[in-house]
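Me: I want to check some structural labels against their cut-offs. Please show me the model first.

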Amino acid sequence: MKRYLFIVACVLSLSLGTSRAGDNPLRIQLEPGERVWGGRIADGAKMPFRELDSTSLFLNSGNQVQPLLLTSHGRSFWSDEPFKFRIEDNCIIFADNIAAIQEHKCGTSLKDAYDYACRTYFPPEGKLPPNVFFECPQYNTWIELQYDQNQTDVLEYARGIIRNGFPTGIIMIDDTWMEDYGLWNFHPGRFPDPKAMCRELHEMGFKLMLWVCPFVSPDNYQVWSPIWDGLIRKTNGEIYPVLWWNGYSASIDLSSPAGYSWFDGQLRKLMEDYGVDGFKFDAGDFNLFPSDAVTKGNVTAWEYCHLFSTFGDKYPYNEYRAAWKEGGKPLVQRLHDKSHSWEALQALIPEMMAANLMGYWFCCPDMIGGGSFASFLPGCTINQDLIVRSAQIHALMPMMQFSVAPWRILDKAHLDAILGSISTRENLLGEIKEILQKSAETGSPAVSPLEFHFPAQGLDEIKDQYMLGDKIMVAPMCTEGFSRTVTLPSGRWKADDGKIYKGGRTITIDVPLDRIPYFRKL
């Protein structure tokens with residue numbers, strides 16, 4: 001009977017809570033204490049929103065987007081297309097929506113709102129990325145090699161991993177491994193024998209992924225000639241040169257059979273000829289798609305982002321940074337590049353919580369210590385404690401990814417602490433994999449705010465603790481120092497050091513360099 005009433009309530013909310021496209025602005029009054037999550041993952045540090053300036057889902061801001069808002073009082077707001085919104089005077093104000101805003105009231109908590117949205121808009125497919133993404137660290141060559149990716153140094157990076165006691169996992173060779181953008185062959189000068197390199201990496205125990213993007217160099221006949229009919233155009237029929245972070249390039253029209261099949265053929269050839277396992281798919285951002293671009297499928301910027309993401313779905317070894325409505329998919333996601341700073345580190349947990357609430361469960365919190373190469377140029381100051389604390393946050397997340405080589409920049413004490421974080425993860429790996437399997441099967445978030453599992457306890461503003469599954473609360477160090485306060489929800493909790501605490505209070509704990517505090521609900 002309760003299930004019947006629940007379904008009736010949802011149907012009624014659908015009929016009463018849907019605004020037509022163009023009904024702008026739509027003003028939704030929030031209840032006292034009602035908090036809001038959702039939209040752009042890059043806004044995670046601002047969640048839950050209280051007062052918020054106008055935010056546009058027509059921009060992905062370097063990361064994933066879901067046209068969904070959830071509240072702590074059991075409400076969800078969805079639209080099939082982007083919209084803008086702001087929060088002021090305890091109201092959500094929607095604007096510029098080009099599709100209906102669908103409001104649903106299906107319970108009284110954030111979890112109730114999430115469960116309804118997950119079932120309705122991003123139901124799990126029951127699939128996981130390959131286990132190696134969770135079982136082993138990923139190692140991206142970007143920070144170490146930057147724009148000088150080459151066979152000698154890639155192999156030395158891999159040997160350094162093993163030599164310094166790190167487990168093998170996935171090696172991702174980043175930008176400039178190829179001859180040119182769109183000429184997806186190993187550069188013969190930098191990679192004189194790529195087949196031998198790939199074979200040696202596999203023999204060491206690594207999987208191999210290569211960085212790719214949807215751009216092709218328009219001034220290289222070898223590149224654009226074979227794909228002439230599969231490129232994005234101007235209205236006059238000319239190729240559209242798009243400005244991105246590496247200059248001007250043409251873009252593959254993934255809505256065109258010619259563009260789609262050509263790109264797929266290039267990547268398949270790398271897998272067949274060299275044994276490459278998969279690809280890091282970079283770009284796809286909304287702002288890199290011109291608003292007046294002409295495509296075969298007449299797609300928008302966000303639809304192009306979606307095409308790019310679904311393109312990689314057939315490659316089990318994949319990684320994405322930009323996505324539109326890809327919640328529930330077995331795609332590997334990563335947070336956008338962070339700087340090497342405590343402020344950037346403090347954004348990891350709230351952004352990971354936001355990603356999971358939007359259905360992006362298989363997500364990596366950027367690169368350990370920061371993914372911005374400018375933070376590691378000669379003369380830059382490296383904070384060794386920050387590297388360790390970053391690794392500790394990664395260790396009890398779905399994935400952990402290195403780029404800067406810890407053995408190059410850390411002393412023995414800090415390097416040992418990094419290795420200790422990997423050991424802690426290995427001790428909990430069975431549970432982590434069970435949590436991710438449950439995400440794939442039921443849609444339950446792997447990482448969530450405390451409010452999700454402990455509603456109405458005044459925990460909605462906590463951004464430096466999170467739930468890993470529904471039984472483990474993680475409280476890593478997110479600031480400089482060696483102690484922190486921890487807020488315990490109601491119940492009894494057993495800490496990683498064996499101490500048992502009564503919940504419903506705040507405690508202060510010591511956090512030496514080699515500790516990742518976590519608490520198991522008894």
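Me: Which residues does Thr 55 touch, not counting residues up to four places away in sequence?

Reply: Thr 55 touches Arg 40, Asp 43, Phe 83, Lys 84 and Phe 85. Contact here means heavy atoms within 4.5 Å. The model is predicted: local features need pLDDT of at least 70, side-chain atom pairs count only at pLDDT 80 or more, and totals for chains, interfaces and linings use all residues. Residues are numbered from 1 along each chain as its sequence is written, and side-chain values use heavy atoms, with hydrogens and water left out.

Me: Why is Thr 55 called buried?

Reply: Buried means under 20% relative accessible area, exposed over 50%, partly exposed in between (1.4 Å probe, protein chains only). Thr 55 has 3%, so it counts as buried. Thr 55 lies in strand β4. Strands are DSSP runs of E, at least two residues; helices are runs of H or I, at least four; both are numbered from the N terminus.

Me: What makes β4 an edge strand?

Reply: β4 (52–56) pairs on one side only, as does β2 (26–29). Two strands pair if DSSP finds at least two bridges between them. The sheet is open, with four strands in the order β2-β8-β7-β4 and antiparallel pairing.

Me: How do you know that β7 and β8 pair?

Reply: The cut-off is at least two bridges. β7 (residues 84–88) and β8 (residues 91–95) have five bridges, in the antiparallel sense.

Me: How do you know that the span of helix α8 agrees with its residue count?

Reply: The expected span is 1.5 Å times one less than the number of residues. For the 18 residues of α8 (residues 257–274) that gives 26 Å; the end C-alpha atoms are 26 Å apart, so the two agree. Just after α8, Gly 275 takes a positive phi of about 85°.

Me: Which residues of α8 are buried, and what covers them?

Reply: The buried residues are Gly 259, Trp 262, Phe 263, Asp 264, Leu 267 and Leu 270. Their cover includes β14 (207–212) and α9 (301–312).

Me: What makes a nonpolar core, and which members of the largest one touch the most others?

Reply: A nonpolar core is a set of buried Ala, Val, Leu, Ile, Met, Phe, Trp, Tyr and Cys residues joined through side-chain atoms within 4.5 Å. The largest has 161 residues; Ile 92, Phe 94, Trp 177, Trp 184 and Phe 263 touch the most other members. Helix α14 (residues 412–442) gives the largest share, nine residues. Another core, of 17 residues, lies apart from it and includes Trp 493.
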